[in-house]
Amino acid sequence: MTVIEIRPHRNGWKVFEAPGVEPVFPEKSQAINYAQDRASFRSGEIRILDSTGNLERTIPFSESDRKL
């Protein structure tokens, strides 16, 4: 199962997929779109965290959800 986390960052929103894969986006929606694109062809979830590290929202995804 793949887990992609989106966290607030001093310059915007950081998408943490794996060590070394941590792009930062100025808008939360851009970070979510990037994570959803990276999630294609896999199963797991995108976790959006607030500034205190608490889970704000979860977006599940699976291979069956992908669009061809």
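User: Happy to start with the sheet: how many bridges join E1 to E2?

Analyst: E1 and E2 run antiparallel, and they form a hairpin with two residues between them. Strands (E, at least two residues) and helices (H or I, at least four) are DSSP runs numbered from the N terminus, and two strands pair if DSSP finds at least two bridges between them. The number of bridges joining E1 to E2 is five.

User: Good to know. What kind of model is this, and which atoms do the side-chain values use?

Analyst: This is a predicted model, in which local features need pLDDT of at least 70 and side-chain atom pairs count only at pLDDT 80 or more, while totals for chains, interfaces and linings use all residues. Residues are numbered from 1 along each chain as its sequence is written, and with hydrogens and water left out, side-chain values use heavy atoms.

User: Which strands stand at the edges of the sheet?

Analyst: The sheet is open and has five strands in the order E3-E2-E1-E4-E5, with mixed pairing. At one end, two bridges join E2 to E3 (residues 24–25), and these strands run antiparallel. Each edge strand has a single partner strand, so one side of each is left without a neighbour in the sheet. The edge strands are E3 and E5.

User: In the hairpin of E4 and E5, which residue takes a positive phi?

Analyst: E4 (residues 44–49) is joined to E5 (residues 55–61) by six bridges, and the two run antiparallel. Among the bridge partners, Leu49 goes with Leu55 in E5. The hairpin has five residues between the strands. The residue there with a positive phi, near 90°, is Gly53.

User: Is Glu45 buried or exposed?

Analyst: Glu45 sits in E4, and its bridge partner in E5 is Pro60. Contact means heavy atoms within 4.5 Å, and beyond four places in sequence Glu45 touches Met1, Thr2, Val3, Ile4, Thr58, Ile59, Pro60 and Phe61. The classes are buried (under 20% relative accessible area, 1.4 Å probe, protein chains only), exposed (over 50%) and partly exposed in between. Because its relative accessibility is 17%, Glu45 counts as buried.

User: What is the angle between the planes of Phe25 and Tyr34?

Analyst: Rings of Phe, Tyr and Trp (its six-membered ring) pair if their centres lie within 6.5 Å; planes under 30 degrees apart count as stacked, over 60 as edge-to-face and the rest as tilted. A search of the whole structure finds one aromatic pair, the tilted pair of Phe25 and Tyr34, with 5.2 Å centre to centre. Phe25 is buried at 18% relative accessibility, whereas Tyr34 is partly exposed at 23%. The angle between their planes is 40°.

User: Over the face of which residue does Arg7 lie?

Analyst: A charge sits over a ring if NZ of Lys or CZ of Arg is within 6 Å of the ring centre and within 35 degrees of the ring normal. Arg7 is at 4.8 Å from the ring centre, and the residue whose face it lies over is Phe16.
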